[in-house]
Each structure stands twice: as structure tokens, then as C-alpha cells.
Amino acid sequence: MTKSTPTQRVLILHNDPVEMESLSSLLTSAGYQVVAGDLSSIALHELVHDPPHLMLAAEGTSGRSVESLTRQLKNDPFLGRLPLIVLIRESRLNDVDWGALHVDDYICLPYRPDEIVHRVRLCMSRLTRSLDANPLTRLPGNTTILFETTARIESGKPFALAYLDIDNFKSFNDRYGYGRGDEVLVVTCRILSTVVSELAGTEGFVGHVGGDDFVFMSAPDRIDAICETIIKRFDLVIPDFYDREERLRGYIDSVDRKGNREQFPIMSLSIAVVTNCHRSIDHPGDVSKIASELKKRAKTLQGSVFVKDQRTPDATAAHHAA
């Protein structure tokens with residue numbers, strides 16, 4: 001059985017000391033830290049210093065129904081933000097308006113011991129994904145990107161990781177506003193997800209670092225085709241986000257980061273591709289360092305390009321889109 005991380009804490013709320021001990025033993029054996037009690041006996045001010053990640057509350061705690069108990073917990077400024085799993089008698093399931101009850105899951109009584117651990121683990125997993133995902137594109141964020149990068153390094157297998165940056169995105173945002181800028185990010189996300197899925201299959205991964213920065217991964221022998229297809233599709237659709245006059249003349253007038261007026265071309269892509277095919281990579285920090293060097297190189301080139309790592313940092317090859 002997979003253990004939880006040591007920092008994950010579960011708050012058990014129950015009015016039966018025997019059941020409380022049983023649930024605590026189950027979750028402690030699974031690797032969770034547990035604090036347990038009735039609502040009247042829990043010192044909430046002490047929990048603030050080491051807050052739990054999830055609540056497991058039984059119907060009947062403090063003499064309350066599941067509806068009343070949930071309302072009390074969710075109205076609490078501290079406890080209300082925690083994920084909540086309720087224990088409820090099966091005969092009560094159809095009496096509850098689950099759409100109006102702000103709980104994350106339920107477990108029927110009498111429960112199976114293994115179900116308690118499985119449901120808690122699934123809820124923790126959903127919470128981690130939800131917190132990490134980018135709120136606009138819903139792509140995995142930096143925690144998952146780091147995990148995926150580390151996993152590929154530790155596997156010892158060849159991999160390719162690409163950092164993608166949208167050129168002139170800030171000036172576009174300044175000219176047309178965040179609403180249209182967000183549309184560009186969503187379309188970019190769709191292009192990346194579709195192309196990586198089509199060409200990399202199950203070995204593909206796409207993440208959103210933040211703003212106009214994305215990451216995608218694949219097997220090294222697929223990365224050139226992926227980059228070329230992404231660039232081709234992006235360059236095809238992106239002019240349509242500009243007003244006709246600016247689209248026809250190929251640039252917009254805006255100000256740079258120093259406040260100077262400047263002409264900014266239609267948005268393009270700079271992609272830096274890092275691979276361990278020609279050099280050993282032992283740490284995610286090495287990937288970031290190499291990608292940063294390649295990205296600077298890509299930014300000096302006009303239009304959408306991808307720059308691919310070679311054996312040494314000084315030997316990179318630039319590939320313009322076909």
C-alpha cells in the first residue's frame with residue numbers, strides 16, 4: 001500500500017471514542033498524521049498552527065445531522081476551507097440534497113476499513129491537482145511539472161522537454177486587454193494539448209508554468225515534429241486575434257517595459273528544447289538552466305522558432321519553422 005506524505009494531516013470528528021480510535025488507527029497505519037475529537041473537545045486555536053489537510057466527520061458528531069454538521073463546519077472561517085468527507089448511514093443517502101451540501105465525498109456506514117484509506121487518499125489527490133492546476137487553462141502547474149521532470153530524469157530513459165514562450169504577448173495584452181489575452185492563452189493550450197496528444201501519445205505531457213509560458217515533453221524522436229506542428233498551427237490562427245488594420249500591417253503600436261513607444265510584430269513562439277540524448281542531466285535545475293540559455297537564443301531570432309539542445313551548451317542549432 002502506498003504511504004501518504006508525512007505532512008498530510010486528517011482531522012477526525014466523531015462522538016464515539018471507540019470509532020474515533022479505530023479510524024485514527026487506520027489512517028495512522030496508512031501514514032497520515034491524525035488529530036481526533038468531538039467538536040466540543042477540539043482546540044481549534046491549536047490546529048491553526050499545524051492545520052489539517054482534510055476533515056473526516058461522522059454524522060451524529062455533537063448530536064448533529066449531516067446537514068447541520070456540514071453547515072457548522074463550512075461556516076467556520078478556519079475549517080470551512082478544508083475538504084470534507086462525511087460518514088453517513090446508507091439509509092440516509094437519498095434524504096440528503098448533495099448538490100446543496102458542500103462536501104467533497106461521503107462514506108456509508110458501516111464502512112469497510114480499506115475504503116476509509118482509499119477515499120481519503122483520493123480526496124487528497126484531487127486537492128493536490130486542483131491547487132496545482134492553472135485556473136485559466138486547467139493544465140498542470142509547477143508542482144506537477146517538477147514531478148514529471150524529475151520522474152523522467154530518474155527513469156534514465158531519453159526524453160525531450162520544451163519550454164514555450166509567446167513573443168510580444170505583453171504588448172498584445174496592453175493593446176487589447178486581458179480578456180483577449182486570456183483567449184490567446186486558451187487557444188495556445190488547446191494547440192499544445194492536441195498536437196502533443198496526436199504525436200506523442202501516452203509519452204506526452206503538457207503543463208502551464210504561468211502567464212505565457214508553457215512546458216511540454218515527449219520522446220526525443222517526436223519533439224521536432226511536435227514543435228513544427230505547434231508553430232504551424234499557432235502562426236495560422238494567431239493573426240485573427242488582431243484587428244484587421246493591425247493584422248494587415250503586421251504590427252501594433254504599444255510601449256515597452258520602459259515606457260518607450262515601439263512597433264511590436266504579430267505574436268510568435270520561442271521554443272527551447274532540452275534533451276538528455278547528448279548530455280547527462282541529473283537534476284531538474286539543469287533542465288531549467290539549459291532551457292534558459294536556449295530561450296535567450298530563440299528570442300534573438302525573428303518569427304516562430306524552436307532551438308534544440310546539442311551535446312554542449314555552446315553548440316545549439318536553431319530551426320526555423322517550415
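This is a predicted model: local features need pLDDT of at least 70, side-chain atom pairs count only at pLDDT 80 or more; totals for chains, interfaces and linings use all residues.
Local features require pLDDT of at least 70 and side-chain atom pairs pLDDT 80 or more, while totals for chains, interfaces and linings use all residues. Residues are numbered from 1 along each chain as its sequence is written, and side-chain values use heavy atoms, without hydrogens and water.

**Helix H8**
- Helix H8 spans residues 220–237 (helices are DSSP runs of H or I with at least four residues, strands runs of E with at least two, numbered from the N terminus).
- Its buried residues are Pro220, Ile223, Ile226, Cys227, Ile230, Ile231 and Phe234 (buried means under 20% relative accessible area, exposed over 50%, with a 1.4 Å probe and protein chains only).
- These residues lie on the same side of H8 because they cover an arc of only 125° around the axis (taken from the directions from the helix axis to the C-beta atoms).
- Asp221, Lys232 and Leu236 are exposed on the other side of H8.

**Aromatic cluster**
- Phe172, Tyr176 and Tyr242 form one aromatic cluster (rings of Phe, Tyr and Trp, the last by its six-membered ring, pair if their centres lie within 6.5 Å; planes under 30 degrees apart are stacked, over 60 edge-to-face, the rest tilted).
- Phe172 and Tyr176 make a tilted pair, 4.8 Å centre to centre with 45° between the planes.
- Phe172 is buried, with a relative accessible area of 0%.
- The rings of Phe172 and Tyr242 are edge-to-face, because their planes stand at 70°, with centres 5.1 Å apart.
- Phe172 is in helix H6 and Tyr242 in the loop between H8 and helix H9, so this pair ties together parts 70 residues apart in sequence.

How values were computed. The expected span of a helix is 1.5 Å times one less than its number of residues.
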